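Subject: Structure handover

Hello,

Here is the structure for you to look through. My notes on what was found follow below it.

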Amino acid sequence: MYKRILLKLSGEALQGKQGHGIDADVCAGFAAQIKEVHSMGFQVALVVGAGNIFRGQFESAAFLTLIVLVADYMGMLARS
């Protein structure tokens, strides 16, 4: 039986019903579930996506194009 878990949480999963950023209630829910798994004796490593954070930071079209590209590359690297 495996004792280590690698969990990748996407930025979209962390935003909850918001369009961008991080929803504290959603994070608290994930934390409680991860804590429960850890208490069962598993080691848990997390990879957290952040593309949605960058996409939500800038409203102007000039920045948006660049930020979306950077956020997408970050997401691809996180999946590697």
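How much accessible surface does the chain have, and what share of that surface belongs to carbon and sulfur atoms? The accessible surface comes to about 5,900 Å², and 64% of that belongs to carbon and sulfur atoms. Accessible areas come from the Shrake-Rupley method with a 1.4 Å probe, and for residues only the protein chains shown count as cover.

This is a predicted model, in which local features need pLDDT of at least 70 and side-chain atom pairs count only at pLDDT 80 or more, while totals for chains, interfaces and linings use all residues. Residues are numbered from 1 along each chain as its sequence is written, and side-chain values use heavy atoms, with hydrogens and water left out.

Overall layout

The chain has four helices and two strands. Their order from the N terminus is β-α-α-β-α-α. Helices (H or I, at least four residues) and strands (E, at least two) are DSSP runs, numbered from the N terminus. Of the 80 residues in the chain, 19% are buried. Buried means under 20% relative accessible area, exposed means over 50%, and partly exposed is in between (1.4 Å probe, protein chains only). Among contacts in the chain with a separation of 6 or more, 57% are between residues 24 or more positions apart; contact means heavy atoms within 4.5 Å.

Single residues

G11 belongs to helix α1 (residues 11–15). Is G11 buried or exposed? G11 counts as buried because its relative accessibility is 5%. G21 is ten residues from G11 in sequence, and their C-alpha atoms are 7.8 Å apart.

Q43 is in strand β2 (residues 43–48). With a relative accessible area of 45%, Q43 is partly exposed. Beyond its neighbours within four places in sequence, Q43 is in contact with K3, R4 and I5. Q43 and R4 are 39 residues apart in sequence, yet 4.6 Å apart in space, C-alpha to C-alpha.

V37 lies in helix α2 (residues 24–39) and is partly exposed, at 27% relative accessibility. Not counting residues up to four places away in sequence, V37 touches I5, F42 and V44. From V37 to I5 is 32 residues in sequence and 9.4 Å in space, C-alpha to C-alpha.

Rings and surface

K3 lies over the face of F42, at 5.4 Å from the ring centre. A charge sits over a ring if NZ of Lys or CZ of Arg is within 6 Å of the ring centre and within 35 degrees of the ring normal.

L69, Y73 and M76 make a nonpolar surface patch of about 320 Å². L69 is in helix α4 (residues 61–79) and is partly exposed, at 43% relative accessibility.

Regards

Terms used. Patches are made of residues with over 30% relative accessible area and no salt bridge: like charges are joined within 9 Å, nonpolar side chains (Val, Leu, Ile, Met, Phe, Trp, Tyr) within 5 Å. A salt bridge is a side-chain nitrogen of Lys or Arg within 4 Å of a carboxyl oxygen of Asp or Glu.
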